[in-house]
Amino acid sequence: MAILLEMDVDNNGEEEEIIGTSRTVVNNNNNNSNNPILLNLIDFPTITSPPFQQNNYHYKPLSEEEEIKLTTLTLGFPCYHKDFIPDSHPLYPWAKVQPGKVHSLEYLLANRIFDIKGQLKCTDCKYEYEMRLDLVREFNKVRRFIEMNKDNMYDRAPAIWKHPPYPTCPMCKHENSARPVLTDDHLKTDCYNFNWLFLLLTQFLGSCTLSHLKVYCMYNEIHRTGAKDRVLYLAYLNLCKQLDPSGPFDR
């Protein structure tokens with residue numbers, strides 16, 4: 001490292017020792033000693049940091065499966081990218097391969113899919129059973145409810161959607177105790193392959209957490225900022241619009 005010094009000196013042509021290294025002072029022909037003169041470049045010893053010690057850590061990009069596992073540990077459920085398409089087929093014939101997507105009503109009827117089924121589990125006795133729904137009849141109920149109450153919802157889910165009445169357990173007979181099974185290791189269900197159509201037809205979408213609903217909105221490119229009643233309202237409208245694109249389900 002070299003530094004150029006500027007200083008006043010009185011001596012002419014003398015040698016001066018500066019910081020451990022000897023350099024000749026530039027001769028000043030002018031007798032005015034107040035004029036500054038320039039010293040030669042002074043070479044200070046260069047201080048170098050010790051060589052970088054390579055550790056044994058291995059930094060490499062995470063694969064898609066590793067990212068999903070990491071997100072599962074963080075959020076408690078897998079959060080796939082909205083463009084993620086798995087290799088396997090969806091668990092339900094009424095669901096598309098893309099997460100958060102269901103087939104239209106026209107497609108389902110053309111493929112003779114008339115019943116929608118899902119799993120319920122009692123919160124008291126833990127009894128688990130299957131519920132079957134008539135697709136057209138239950139969807140017409142949801143459709144009529146939205147048509148009659150949409151103007152009074154003000155982009156917020158009503159109380160019956162936020163806190164739906166649940167069925168009575170057929171085993172222990174406790175009322176309001178049978179809840180939809182959202183995640184289950186045995187059924188291999190997670191936030192990616194929720195039984196969204198079943199939750200819509202039973203009007204049990206309110207059993208999803210706000211994080212689940214936000215993930216659904218991410219899959220469908222819906223603005224997901226706000227309280228749960230707002231995000232829940234958007235999820236209902238979007239699912240209905242997927243079933244019937246020409247229906248009155250625009251915001």
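**Reading the sheet and helices of a predicted model**

Author: Three strands form an open sheet in the order 8-7-9, and their pairing is antiparallel. Strand 8 (128-134) and strand 9 are the edge strands, each with a single partner strand, so one side of each has no neighbour in the sheet. From one strand to the next, the twist averages 40°. Please bear in mind throughout that this is a predicted model.

Reader: How many bridges join strand 7 to strand 8, and in which sense do these strands run?

Author: Two strands are taken as paired when at least two bridges are found between them. Strand 7 and strand 8 are joined by seven bridges and run antiparallel. Within this pair, Ile116 is positioned opposite Leu133 of strand 8. The two strands form a hairpin with five residues between them, where Lys126 has a positive phi near 65°.

Reader: Over how many bridges does strand 7 (residues 115-122) pair with strand 9?

Author: Strand 7 and strand 9 pair over three bridges, in the antiparallel sense. Leu120 has Pro180 of strand 9 as its bridge partner.

Reader: Which helix packs on the sheet, and which strands does this helix touch?

Author: Helix 3 (residues 135-153) packs on the sheet and touches strand 7 and strand 8. The direction of helix 3 makes about 80° with that of strand 8.

Reader: Which residues of strand 8 lie on the covered face, and which on the uncovered one?

Author: Tyr129, Met131 and Leu133 make up the covered face of strand 8. The uncovered face consists of Glu128, Glu130, Arg132 and Asp134. Leu133, on the covered face, is the residue that stands opposite Ile116.

Reader: Let us turn to the helices. What span should helix 7 have, and how far apart are its end C-alpha atoms?

Author: The general idea concerns the turn of the helix. An α-helix has 3.6 residues a turn, so residues three or four places apart point the same way. At 1.5 Å a residue, the 16 residues of helix 7 (residues 228-243) should span 22 Å. The end C-alpha atoms of helix 7 are 23 Å apart, which agrees with that expectation.

Reader: How many residues of helix 7 are buried?

Author: A residue counts as buried when its relative accessible area is under 20%. By that criterion 14 of the 16 residues of helix 7 are buried, so the helix is largely enclosed by the rest of the structure. Leu243 belongs to helix 7, and its relative accessible area of 2% places it among the buried residues.

Reader: Which residues are in contact with Leu243, leaving aside its neighbours within four places in sequence?

Author: With those neighbours set aside, Leu243 is in contact with His103, Ser104, Leu105, Leu108, Phe139, Leu197 and Leu200. A related distance concerns Lys101: it is 142 residues from Leu243 along the chain, yet their C-alpha atoms are separated by 9.7 Å.

Reader: Which residues of helix 6 are buried, and against which helices do they pack?

Author: The buried residues of helix 6 are His212, Leu213, Val215, Tyr216, Cys217, Met218 and Tyr219. They pack against helix 5 and helix 7. Seven of the ten residues of helix 6 are buried, so this helix is also largely enclosed by the rest of the structure. Glu221, with a positive phi near 55°, follows helix 6.

Reader: Where is Asn195 found, and does its accessibility make it buried or exposed?

Author: Asn195 is found in the loop between strand 9 (178-180) and helix 5 (196-201). Its relative accessibility is 9%, so Asn195 counts as buried. The side chain of Asn195 makes a polar contact of 3.0 Å with the side chain of Trp94. Not counting residues up to four places away in sequence, Asn195 touches Tyr92, Trp94, Lys117 and Gly118.

Reader: What is phi near in Asp155 and in Gln203?

Author: Asp155 has a phi near 60°, a positive value in a residue other than glycine. Asp155 is located in the loop between helix 3 and helix 4 (159-162) and, at 27% relative accessibility, counts as partly exposed. Gln203 likewise has a positive phi near 60°, and is found in the loop between helix 5 and helix 6 (210-219).

Reader: Finally, how many helices and strands does the chain have, and what share of its residues count as buried?

Author: The chain has seven helices and nine strands, and 38% of its 251 residues count as buried. Among contacts between residues at least 6 apart in sequence, 57% join residues at least 24 apart. The chain exposes about 15900 Å², of which carbon and sulfur atoms supply 51%.

Terms used
Residues are numbered from 1 along each chain as its sequence is written. This is a predicted model: local features need pLDDT of at least 70, side-chain atom pairs count only at pLDDT 80 or more; totals for chains, interfaces and linings use all residues. Side-chain values use heavy atoms; hydrogens and water are left out. Helices (H or I, at least four residues) and strands (E, at least two) are DSSP runs, numbered from the N terminus. The expected span of a helix is 1.5 Å times one less than its number of residues. Buried means under 20% relative accessible area, exposed over 50%, partly exposed in between (1.4 Å probe, protein chains only). A polar contact is a pair of N or O atoms within 3.5 Å; within protein, one must be able to donate a hydrogen and the other to accept it, and residues adjacent in sequence count only if both atoms are side-chain atoms. Contact means heavy atoms within 4.5 Å. Axes are lines fitted to C-alpha atoms, for helices over the stretch in contact, and angles run from 0 to 180 degrees between N-to-C directions. Accessible areas come from the Shrake-Rupley method with a 1.4 Å probe; for residues, only the protein chains shown count as cover.
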